[in-house]
Amino acid sequence: MNGEQQQETDAGSGVEEAEFNWDEYLEDTGALAAPHSSFKHVDTSLQNGFAPGMKLEVAVKPDPDTYWVATIITTCGQLLLLRYDGYGEDRKADFWCDIMTADLHPIGWCEQNKKALRVPEGIKDKISNQEEFLQQTLKGACSAPANLLEGLHRGKNPLDLIAPGSRLECQHMKGSLGAWIVSVIDNIGGRLKLRYEGLGDLDQYDLWMFYLDPFLHPVGWATQHGYILEPPLAFRHLKTEAEWEEILTTVKQEEEESLVPTDLFKDKPVVGI
């Protein structure tokens, strides 16, 4: 039987590969599924930086020169479902906005840019005193992040800001008060392929870490927490002390170009020595 005949026989055999079924597997083995709460770090990595309840200032149609406060109801990628403050629980006027194209700003932007905050027509009869209402609705409010509404980071998933070439500090794993600079080689959904600074193309010591790993930190962390910036013992012998110092000096000079926003790490668990 030649190769083509074999392929035809296989294709016509009618035998289909069974799909794996988690429910059946758990029932057959008596095993328990890991709870959803064990994977909070994955939920965090999928967020776009905006959260329900955050407030922002949004242009009021049809007048592009006036704005009003709106609250985020839900998010979907770069889309935000918003409700103007004053509608209460009434969902009829909820509207979707694309972060990349809509006229959206953090709280306080109108005041800084001499733009008018004006009650939308649909709720004018509900708000008799605009200033009093604004004081009340903005009391203790959390503004949408300015860096995700304006500039180069607008509309980007926060994880996308950890781009190849970005630098972080990796705390030594074995109980010492040391850390060293690592460069991001690749970022796959928050899983980072990292290479220690000073190793050039040598990939022998590359490592994979989730961006919320407790041993991974933004640049500047070591100095702030009393750690020493020094390469791990495993490869420290590859260069002289003077060469390592020169590498560290070069990294500090290029720091601004490779910084990762520190607020990306706000949900990172803390590990003691």
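A word on the ground rules first. This is a predicted model, where local features need pLDDT of at least 70, side-chain atom pairs count only at pLDDT 80 or more, and totals for chains, interfaces and linings use all residues. Residues are numbered from 1 along each chain as its sequence is written, and side-chain values use heavy atoms, with hydrogens and water left out.

The protein has eight helices and twelve strands; these are DSSP runs, H or I of at least four residues for helices and E of at least two for strands, numbered from the N terminus. Of its 273 residues, 37% are buried, meaning under 20% relative accessible area, with exposed being over 50% and partly exposed in between (1.4 Å probe, protein chains only).

Let's start with glutamate 169, in strand S7, residues 167-171. A salt bridge here is a side-chain nitrogen of Lys or Arg within 4 Å of a carboxyl oxygen of Asp or Glu. What the glutamate 169 side chain does reach is the backbone nitrogen of glycine 220, at 2.8 Å.

Next, aspartate 85, which sits in the loop between strands S3 (79-84) and S4 (95-98). Aspartate 85 is buried too, at 6% relative accessibility. Its side chain makes a polar contact of 2.5 Å with that of threonine 137 (N or O atoms within 3.5 Å; within protein, one able to donate a hydrogen and the other to accept it, with residues adjacent in sequence counting only if both atoms are side-chain atoms).

Now for the pairs: the structure holds eight salt bridges. In one of them, arginine 167 meets glutamate 197 at 2.8 Å, N to O. Arginine 167 is in S7 and glutamate 197 in the loop between S9 (191-196) and S10 (207-210), so this pair ties together parts 30 residues apart in sequence. Both ends are buried, arginine 167 at 11% and glutamate 197 at 12%.

Another salt bridge links arginine 236 and glutamate 230, with the closest N and O atoms 3.8 Å apart. Shared partners also join Arg167, Glu197 and Glu254 into one salt-bridge network.
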